[in-house]
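Have a look at it first, and then we can go through a few places together.

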Amino acid sequence: MDFRIFTEPQQGASYDTLLTVAKATEDLGFDAFFRSDHYLKMGPGDGLPGSTDAWITLAGLARETKRIRLGTLMTAATFRLPGVLAIQVAQVDQMSGGRVELGLGAGWFEEEHTAYGIPFPKEKFGRLEEQLEIVTGLWATEPGKTYEFHGKYYELKDSPALPKPAQPKIPVLVGGNGASRTPRLTARFADEFNMPFGSVEDSAAQFGRVRAAAEEIGRDPGAITLSNALVVCVGKDDQEVARRAAAIGRKVDELKANGLAGTPGEVVEKIGRYAEAGSTRFYLQILDLHDLDHLELISAQVQSQLS
């Protein structure tokens, strides 16, 4: 079972803060450091010092870490042209020695697009499908050959499909709650399906849809990793749990209902329920990036029991 640290830097984090968390992630034995890809804060708070770019951040971390995997949950297809994205991710993969993973989603937060002059198209899912096909197609093109694509939204002609990633195949993640199109895209393009902030019951149902979609196209469902992204708030006792919940502006009962919250024993028990539903990887959403003691507790008393 893999445990990955997942951050939301748009809520307010400098590169130096993210580097500190990434190094702690590596030192404490977690599998990976992932971050969201957003340009505007959500909810209360001032978001200072302002958002950082996901792939610039990961390029820096690629040179300053040695072991952990690095990736996004999720890069928005509205932010970058697919050819440019393929180049960026391949380069960061080279810079990391082959430790990069790409989570790619349709994009949904209209306000951040408006704030920074990014077009927010009405038809996003069709663009996502074409982006997935283009990015994976560029990486898969043999050296010395060219790649072409003629779609509704994008057209590529005589592309040298360079540079190539360090890995033979960069893992691609698709996620979401959609009952039909999301499982279908996962089956066609993804190495991993991620269920974001869903209950055990909803996760089990969506995992079933993903498996069925894979079987429908003749793909082994077991080849797709199933994972959950969940907010985490762990304390050695109830008082510490309450303190950490207050620090991120959340209620303990709500966190226990919708995430992984409580004492280490409580969190281990709930992770076990997700595992029974099919999950083998957990993205632990850390909202207080300055509380490194939190990461140490999770590593020592949660991850150690389940890895």
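**Notes for a first look**

1. Leaving aside neighbours within four places in sequence, R273 touches V200 and E201, where contact means heavy atoms within 4.5 Å. R273 sits in helix α10 (residues 264–277); helices (H or I, at least four residues) and strands (E, at least two) are DSSP runs, numbered from the N terminus. With a relative accessible area of 34%, R273 is partly exposed (buried is under 20%, exposed over 50%, partly exposed in between; 1.4 Å probe, protein chains only).

2. Please keep in mind that this is a predicted model, in which local features need pLDDT of at least 70, side-chain atom pairs count only at pLDDT 80 or more, and totals for chains, interfaces and linings use all residues. Residues are numbered from 1 along each chain as its sequence is written, and side-chain values use heavy atoms, leaving out hydrogens and water.

3. Strand β8 (residues 172–175) pairs in the parallel sense with β5 (residues 100–105) over two bridges; pairing requires at least two DSSP bridges between the strands. In this pair, G103 stands opposite L173. Over three bridges, β8 also pairs in the parallel sense with β9 (residues 192–196).

4. Now for the loop between β7 and β8, which holds A161. A161 has a positive phi of about 55° without being a glycine, and is buried at 4% relative accessibility. In the loop between β7 (155–159) and β8 you will also find P163, and the peptide bond from L162 to P163 is cis, with omega near 0°.
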